[in-house]
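Hi,

Here is the structure I said I would pass on.

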Amino acid sequence: MRVFYLLFLLLFYTKGIAHKGFIFENFNAKNGLPGGQVYQTIQDKEGFLWFATDRGVSRYDGHRFIYFGPDDGLTDEVVFGFFLGNDGRLWFNTYHGGLCYYEKGTISEPAFNKHLKAFIKEHVDIVIVSFFVDEEENAWIGFNNGTLLKVNAKGEITFRLAEYDPSLKRNFLLIKTESRENPNWICSRREPYNLPDTIAILSLADSSLSFIPVELKKESHIRFSSRSVFYQIDDQSFLFAFGTNLLKVRNGKVIQHRKLPYDKEILYALLIDQKGDLWVGTRKGVYCFKHADLSRTPLLYLESQQISSVYQDHEGGFWFTSLNNNGVFYQPNFEVHSLPNHMMGENNLKHLCAGSYGVYGGSIEDNLLIFPHGNFDELIIIKDANYDHSDIVSWHGKEVISRTTPQLLAFSDSVPHVVDFKYAYAKRNDYNIPFVWIHTSDAFQLISTRDTSVVKELNMDCITQRVRYATASKDGNLIWIGHSQGLWMYEREKLSKMGNTFPELETSITDLDLVDDQYLLITTRGKGVFRYNYRLQKLKKLHGILNAYCDQTYIDSKKQAWVTSFSGVTRITAIASDDPCYAHFTTQNGLISNVVHNVTEFNGHIWAATAEGISRWSMDWTPPGSEPKTSLAAVSINGKKHDPGSVSKLDHKENYLDFFFNSISFQRPVTFQYRLRGLHLNWINTTDRHAAYVSLEPGHYVFELKHQGEEKIRSAIAFTISPPLWLTPWFLISVTLLLVGSTLYVLRLRYRIIRRENKLYELFVRSEQKALRAQINPHFLFNSFNSILELLANKEYEAVQPYMKNLSRLMRMVLRHSREEEVSLLQEIELLQTYLEIEKLRFGKQLSFELEVEPGLPVDVVYLPALFLQPYVENALKHGIRSRQDEQGRLHISFRREENGLIVRIEDNGKGYAHSIRNNRLSKKRSYGTKINGERIQLFKTKAHFDIHISPSNPADPIYPGTIIYIQMPLKIKHPYVPTTL
């Protein structure tokens with residue numbers, strides 16, 4: 001029944017449409033080109049591709065198209081072709097506008113073009129079909145009516161071939177430049193609407209003509225157009241095409257002739273590519289002759305297109321321009337053959353396996369696809385086979401299709417039949433490991449491929465997750481099991497979780513492969529691919545993978561690893577070395593899709609199952625490694641674009657910069673890295689083509705650009721943003737000097753003013769002190785005379801004489817002291833001693849006094865204000881001692897040093913300071929001496945610290961509390977210390 005069911009599903013099989021296996025990328029008016037009719041393409045010296053169309057020209061860098069039209073300088077909207085000069089100028093051949101050229105971002109018209117346009121206007125239906133401009137700026141121009149002109153820079157026609165050789169006047173002429181070392185013009189001569197009978201070669205060196213006869217069979221029923229095409233192979237060989245005829249000429253002889261089918265008229269497209277293959281564009285497709293051998297059977301591509309030109313870019317990619325409004329077709333190479341899903345019955349393959357009969361694939365549509373002998377053209381589709389998640393294993397020359405009820409497909413000739421097979425979920429390791437493994441809900445088994453015996457069996461109870469991938473060492477002693485939660489290892493009857501030792505393996509495992517019986521390749525979904533040396537127990541990540549989300553790693557017969565991901569396929573060679581080699585295969589290299597699920601090897605080719613179909617290529621082929629041409633295109637300063645070479649020194653306001661860069665690559669997208677040294681040192685990744693910086697501070701900067709993952713700096717530009725005037729060093733120095741000078745000048749003026757004010761104030765203080773001292777003198781004299789009068793009134797005549805003697809002595813002292821601002825403490829004590837002796841005569845037994853000086857106090861060099869203490873002593877006598885009714889009045893004056901000050905203590909035992917103030921208020925008397933001294937103290941305080949404190953000496957005595965005058969003043973020593981005591 002099972003056999004019948006499978007045979008019924010075949011019905012018998014459907015065959016795919018015959019094809020050449022290549023998917024061409026198409027560019028047209030919908031995705032960048034200005035028009036669909038494209039005449040020619042060329043690559044300039046900077047690497048840009050240019051397309052000549054019926055609606056202007058377009059420049060392409062692999063990223064975007066930039067349009068140029070009449071508003072940009074083109075002399076006509078229709079552009080037929082290009083010429084690239086040695087000086088880098090790109091010349092355009094327009095319909096009615098003559099010639100113009102592109103240079104440094106601008107399209108310009110040469111001076112001679114106005115004469116050329118006038119010549120074209122004079123002739124009806126005349127069109128330039130070929131031209132070039134020599135190094136002397138002479139334009140050599142051939143027209144479709146057989147005219148050949150040489151025009152100099154002034155517009156003067158200096159050569160006309162028809163005038164040079166009248167025999168060619170009525171013959172059709174098409175010209176093409178030869179090698180620049182020995183330039184020639186090639187001409188064809190024929191009768192109208194017939195095949196050419198002669199090829200003429202004009203040497204530009206000496207204007208000599210040579211002729212090559214052409215013997216072609218006359219075809220009177222065919223009317224040929226006037227189109228002829230020439231292509232130089234080398235200095236001795238060239239190709240000549242006319243109608244459907246293709247000739248190879250060498251050393252003046254036709255050595256090969258190939259006639260194409262009548263509907264394949266050759267247009268303008270001839271090219272020998274980098275491998276030496278010849279491409280010929282026709283009205284119905286493009287032919288490829290391997291090794292430019294016209295005797296070989298050519299390959300035909302793009303059969304429905306009118307191919308006007310074929311071009312191969314610097315990366316080896318092919319560009320085919322068409323004339324039937326379909327734009328341009330691009331193929332990065334002809335190494336990768338592809339079959340899209342729609343040519344496989346809309347099947348999306350997930351699994352591939354190579355067997356003895358061919359290549360097998362399981363699709364998500366539950367179909368099994370078989371490619372017998374690896375041919376795209378012999379596709380077998382078994383429908384509704386439920387193989388979307390199945391794996392296919394080659395087993396003893398037969399193919400095991402593993403699923404819930406596994407079956408064995410045994411192929412006899414081309415008809416498969418089904419044999420029952422007892423194992424489920426069979427999977428085989430890559431690189432000829434002699435086991436397959438199966439698992440059921442109960443057990444995991446390793447099966448020998450030699451005799452189908454069970455080598456190892458594990459109970460599935462110890463594994464919580466369904467086994468997705470497994471492998472084993474060749475001796476079967478080590479088994480690794482991977483599932484969605486990580487990787488496990490079975491050794492010596494024990495199962496251990498490897499994530500405990502290597503946290504990187506705590507992720508979903510998508511494949512396991514053994515290499516050289518020493519290394520285990522661990523493929524993950526999210527963390528890339530790891531190489532585990534299980535003998536040394538060392539884990540290393542392989543960093544050259546395109547994407548960390550990987551589906552499979554396949555080990556081919558040459559021990560190369562192929563890793564599939566959502567970013568294409570990566571081939572790893574020298575897996576076991578410290579520096580493996582990586583090669584990447586993506587849509588930029590010809591893959592039909594970058595989303596690759598599975599790969600396998602068959603007949604020396606790698607087959608890849610992708611989201612869009614199958615791609616295959618030789619396993620030894622490596623995509624060309626040409627580096628993208630990367631450069632800074634422009635720098636925008638405050639919104640205005642500049643050439644990068646003109647940016648060096650900027651004003652402080654020019655601080656909004658946009659850097660625009662180009663990277664010309666048609667086969668791979670480029671990820672840039674850039675940084676602005678002076679602002680940041682870290683590299684910034686971007687796929688955009690510009691970097692913006694706003695409000696840059698003044699300073700020196702270097703903008704650097706490179707490709708991601710490379711060390712080489714592709715482009716760099718250094719510039720400086722000048723600081724504003726007020727931040728320039730010389731300005732700051734000038735302002736600083738000015739400020740310092742001004743400050744010094746102001747301080748000097750202020751110092752002078754303060755000095756003057758201090759001098760004036762000092763004079764004022766001195767004057768005040770003198771005035772006060774002058775007030776003390778009469779006050780003292782007044783009190784002394786009062787005492788004398790009082791003695792005379794009391795008839796104490798005997799006391800008057802000593803009194804007068806001491807008075808005269810005191811007067812001399814006062815007179816001498818009054819002329820000095822300061823006197824020594826010794827002089828002040830002598831004055832007080834004399835004064836108190838006078839007062840003792842007057843008070844009698846009512847007064848006893850004592851002057852005490854601290855031992856060691858240098859009274860002769862300690863100075864204090866003149867006549868400073870006498871008023872306080874007089875106050876103590878007058879208001880203190882006199883108030884006592886007994887004869888026990890005492891006055892004690894002491895002098896001592898305290899740190900840097902002089903302490904004077906005047907103590908009496910009279911009625912007290914409060915009683916004196918109360919009596920003065922009642923009598924309305926004022927103590928002039930004390931008042932004058934108070935004013936003097938205020939003046940002294942402006943220069944030094946003076947402090948006076950008055951308190952009772954015996955507050956417990958209610959009648960005679962006494963008074964203590966405590967005076968603190970600076971200890972001022974004027975001369976070197978000389979010990980002097982009283």
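**What I found**

T94 is buried, because its relative accessible area is 0% and the cut-off for buried is under 20%. Bear in mind that this is a predicted model.

T94 sits in strand β7, which covers residues 90-94. What does its side chain do in there? A polar atom of the T94 side chain lies 3.1 Å from the backbone nitrogen of G97, and a polar atom of that side chain is also 2.9 Å from the backbone oxygen of G98. Leaving out residues up to four places away in sequence, T94 touches T75, D76, V78, V79, F80 and C100.

Next, helix α2 (residues 113-122). Its buried residues include N113, L116, F119 and I120. Looking down the axis of α2, the buried residues fall within an arc of 115°, so they line one face of the helix. On the other side of α2 you will find K114, K121 and E122, which are exposed. And what do the buried residues of α2 pack against? The partners are β8 (99-103), β10 (128-133), β11 (139-143), β12 (148-151) and β13 (157-160).

Now for the largest nonpolar core. It has 40 residues, and the members that touch the most other members are L825, L891, F895, I906 and I967. The elements giving two or more residues to this core are α4 (729-793), α5 (797-818), α6, β67 (862-865), α7 (870-879), β68 (889-898), β69 (901-908) and β71 (963-970). Which element gives the largest share of this core? That is α6, with eight residues.

Another core lies apart from the largest one; it has 30 residues, among them A241, L271, V310 and F334.

Back to α6, residues 825-843. At 1.5 Å a residue its 19 residues should span 27 Å, and the end C-alpha atoms are 26 Å apart, which agrees. Just after α6, G844 takes a positive phi of about 75°.

Cheers

Key
Residues numbered from 1 in each chain as written. Predicted model: local features only at pLDDT ≥ 70, side-chain atom pairs only at ≥ 80, totals over all residues. Heavy atoms only, no water. Helix = DSSP H or I, 4+ residues; strand = E, 2+ residues; numbered from the N terminus. Expected span 1.5 Å × (residues − 1). Buried < 20%, exposed > 50% of the residue type's maximum accessible area, 1.4 Å probe, protein only. Polar contact = N/O pair within 3.5 Å; in protein donor to acceptor, adjacent residues only side chain to side chain. Contact = heavy atoms within 4.5 Å. Core = buried A, V, L, I, M, F, W, Y, C linked by side-chain atoms within 4.5 Å. Arc of directions from axis to C-beta.
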